Amino acid sequence: MDFSTIIGQEDIIASLESSIAEKRVGHAYIFSGPRGVGKKTVARAFASALLCDRPDFGKSCGECLQCRMFASGSNPDYREIDSEGASIGVDSIREVQSDVVIRPAYSQRKVYLIIDAERMTVQAQNSLLKTLEEPPEYAVIMLTTSNYGALIDTVRSRAVKYALKNNTADEVREVLLSKYGSNLKSVDFITAYSGGIIGTALELAGSDEFISMREKTLEIILKLSKPGLAEIFDLYKFFEHNKDYVDTILDIMVLFYRDLLLMKKAAGENMLINSDKKDIILDSISNFSSEKLIKNIETVEIARRNIKQNANYQLSIEVMLMKLQEEYS
């Protein structure tokens, strides 16, 4: 693994490469950003370069013994701390402290990566602080976090922070097409829905459940737009079954209504998020007025807000469905 495999984050990668090439490597780094943005990928590529026996301007060579061991997960000078539980306790950090005093076996450095460091208890963070204050000259400690504010001030103040940015739509699309090719017909929708998070895009593209959920959601939207009373209680069963994913379902609804509204206002087809559903959008557009589409988007957002405020779930969904259908029953 090296920096060449990473899409985007050019400024951060350039800074990390320069720090290695110019021998300005610090003892602690924090990589922050939304879940799925690539924090672990960047940290691991940095770790690989730090352990490499002959890095080329900050890039790992991929050929030396240290690189080969890193690639196989057997380099004893690299360690990841990633608790499977809800938190990372002080015992995990004490293991790091016991290990860090032992000099590297193969590399010039020892690298420790604490994944989702916001899960460290306060006691664990305070314990880590002791190592951050007086680290051995060969030790580099890296933390990834989706919640930078959850780290105590003293830990944050002793590390170099890199905040990863969301990728551009073109970058996300490039990754999806390189992995799935042109067979992924929902590439534009997934690209837009991911919000620039490559990890999210890859997860959705590889999820048959997500594709099926999207199809069912669009089916419900179309049912609600036709004359005749749809069976609201039957439609609710879908929302009940997918209660854990209701935010995603509501997103799908809003984005579809948004596309209908764009086409209603004669925007170009290249503006569509649901571009793979263009024919359905064109066939359905006459069922909606612009005012109704705006009202529908507001209705969905009201339901989302009510659910987040712990209102009765079933009532919130059923009221939403009835309001979405109001002009067609």
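**Figure 1. Helices lying across the strands of the predicted model.** In this predicted model, helix α2 lies across strands β1, β2, β3 and β4. The direction of α2 makes an angle of about 170° with that of β4. Helix α4 lies across β2, β3 and β4, and its angle to β3 is about 175°.

**Figure 2. The five-stranded open sheet.** The strands follow the order β2-β3-β4-β1-β5, and their pairing is parallel. Strands β2 (78-81) and β5 (160-163) stand at the edges with a single partner strand each, so one side of each has no neighbour in the sheet. From one strand to the next, the twist averages 15°. In general, the strands of a sheet pair through backbone hydrogen bonds, in either a parallel or an antiparallel manner.

**Figure 3. The pairing of β3 with β4.** These two strands pair in the parallel sense, and five bridges connect β3 to β4. In one of the bridges, Leu113 has Met142 of β4 as its partner.

**Figure 4. Helix α5 and its buried residues.** Helix α5 consists of 12 residues. The distance from its first C-alpha to its last is 16 Å, close to the 16 Å expected at 1.5 Å a residue. The buried residues of α5 are Ala124, Gln125, Ser127, Leu128, Leu129, Thr131 and Leu132. The elements that cover these buried residues include β1, α4, β3, β4 and α6 (153-156).

**Figure 5. The salt bridge between Arg35 and Glu118.** The side chains of Arg35 and Glu118 form a salt bridge with an N to O distance of 3.6 Å. Arg35 belongs to the loop between β1 (28-32) and α2 (39-51), and Glu118 to the loop between β3 (110-114) and α5 (122-133), so the pair ties together parts that are 83 residues apart in sequence. Arg35 is exposed because its relative accessible area is 53%, whereas Glu118 is buried because its relative accessibility is 17%.

**Figure 6. The salt bridge between Arg103 and Glu137.** Here the side chains meet at 3.1 Å, N to O. Arg103 lies in the loop between α4 (90-100) and β3, and Glu137 lies in the loop between α5 and β4 (139-145). The pair thus links distant parts of the chain, 34 residues apart. Both Arg103 and Glu137 are exposed.

**Figure 7. A salt-bridge network and a further pair.** Salt bridges that share partners join Arg35, Asp82, Asp116, Glu118 and Arg119 into one network. A separate view shows the salt bridge between the side chains of Glu22 and Arg24, with an N to O distance of 2.8 Å. Glu22 is partly exposed, at 46% relative accessibility, and Arg24 is also partly exposed, at 47%. The count for the model comes to 25 salt bridges.

Figure 8. A disulfide is a covalent bond between the sulfur atoms of two cysteines. A search of the whole structure finds zero disulfides. For Cys52, the nearest cysteine sulfur is that of Cys61, 3.6 Å away. Because a disulfide requires the two sulfur atoms to be within 2.5 Å, Cys52 is in no disulfide. Cys64 is likewise in no disulfide, and its nearest cysteine sulfur, that of Cys67, is 3.6 Å away. Cys52 is buried, with 8% relative accessibility, and Cys64 is buried, with a relative accessible area of 3%.

How values were computed: Residues are numbered from 1 along each chain as its sequence is written. This is a predicted model: local features need pLDDT of at least 70, side-chain atom pairs count only at pLDDT 80 or more; totals for chains, interfaces and linings use all residues. Side-chain values use heavy atoms; hydrogens and water are left out. A salt bridge is a side-chain nitrogen of Lys or Arg within 4 Å of a carboxyl oxygen of Asp or Glu. Buried means under 20% relative accessible area, exposed over 50%, partly exposed in between (1.4 Å probe, protein chains only). Helices (H or I, at least four residues) and strands (E, at least two) are DSSP runs, numbered from the N terminus. The expected span of a helix is 1.5 Å times one less than its number of residues. Contact means heavy atoms within 4.5 Å. Two strands pair if DSSP finds at least two bridges between them. Axes are lines fitted to C-alpha atoms, for helices over the stretch in contact, and angles run from 0 to 180 degrees between N-to-C directions.
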